[in-house]
Amino acid sequence: RSGAKPNDVICVTGDLGGALMGLQSLEREKQVYLANPTMQPELDGKSYVVLRQLKPVARFDILHELADMGVVPTSMIDCSDGLSRDLGHILDASGVGAVLYEELIPVSKDATGLADALSSGEDFELIFILDPMQACALLVGSSLFQPVGEITAKAGGFSIIDKRGRRR
């Protein structure tokens with residue numbers, strides 16, 4: 001967690017926020033069941049998000065892929081507490097700041113929005129930081145991960161550039 005440096009590239013795997021939608025779907029169906037135990041669950045079209053919640057899969061495939069390419073991220077963490085909290089662990093350990101770009105964050109199509117991706121956990125994707133040269137070489141044609149921001153000096157804090165270009 002402690003190797004991130006200014007100008008490094010922040011990357012994430014998969015999509016974020018889907019596990020929260022799975023949890024909310026299951027909680028809703030539980031309330032329906034408690035009100036009427038003869039009702040059957042209505043989970044049509046929810047299998048992806050329900051599985052994201054019930055059977056999260058650790059992204060060992062990415063670890064093997066990076067190792068096969070000879071790439072060693074400067075920092076890495078699993079995204080089990082949400083993008084903002086888990087990235088915050090890297091920022092704290094490395095003594096740096098960050099800027100994320102909203103338009104680049106891979107929000108699950110089932111999530112209700114950016115807030116779900118930033119604050120919800122249990123997606124078990126990876127957040128990793130790459131040296132800019134490695135990032136450029138890896139990102140060409142890769143669909144395994146998505147760049148979402150960059151590491152800055154600690155004085156820059158932690159911010160998000162929204163789709164309108166405003167810093168928050």
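**Exercises on a predicted model**

A search of the whole structure finds 0 disulfides. The model is a predicted one.

**Exercise 1.** Find how far the sulfur of Cys 79 is from the nearest cysteine sulfur, and decide whether Cys 79 is buried or exposed.

*Solution.* Step 1: the nearest cysteine sulfur to that of Cys 79 belongs to Cys 11 and lies 13 Å away. Step 2: a disulfide needs two cysteine sulfur atoms within 2.5 Å, so Cys 79 is in no disulfide. Step 3: the relative accessible area of Cys 79 is 1%. Buried means under 20%, so Cys 79 is buried. Step 4: Cys 11, at 0% relative accessibility, also counts as buried.

**Exercise 2.** Describe the surroundings of Ser 159.

*Solution.* Step 1: locate Ser 159 in strand E6, residues 158-161. Step 2: its relative accessible area is 6%, so Ser 159 is buried. Step 3: leaving out residues up to four places away in sequence, Ser 159 touches Ala 98, Val 99, Leu 100, Arg 167 and Arg 168. Step 4: with Arg 167 there is a polar contact between the two side chains, at 2.7 Å.

**Exercise 3.** State how many residues the largest nonpolar core has and which element supplies the largest share.

*Solution.* Step 1: the core has 22 residues, and Ile 127 is one of those with the most contacts inside it. Step 2: several elements supply at least two residues each, including strand E1 (9-13), helix H4 (83-94) and strand E5 (145-153). Step 3: the largest share, 4 residues, comes from H4. Step 4: Ile 127 touches Leu 83, Asp 86, Leu 87 and Ile 90, among others.

Definitions and conventions. Residues numbered from 1 in each chain as written. Predicted model: local features only at pLDDT ≥ 70, side-chain atom pairs only at ≥ 80, totals over all residues. Heavy atoms only, no water. Buried < 20%, exposed > 50% of the residue type's maximum accessible area, 1.4 Å probe, protein only. Polar contact = N/O pair within 3.5 Å; in protein donor to acceptor, adjacent residues only side chain to side chain. Contact = heavy atoms within 4.5 Å. Core = buried A, V, L, I, M, F, W, Y, C linked by side-chain atoms within 4.5 Å.
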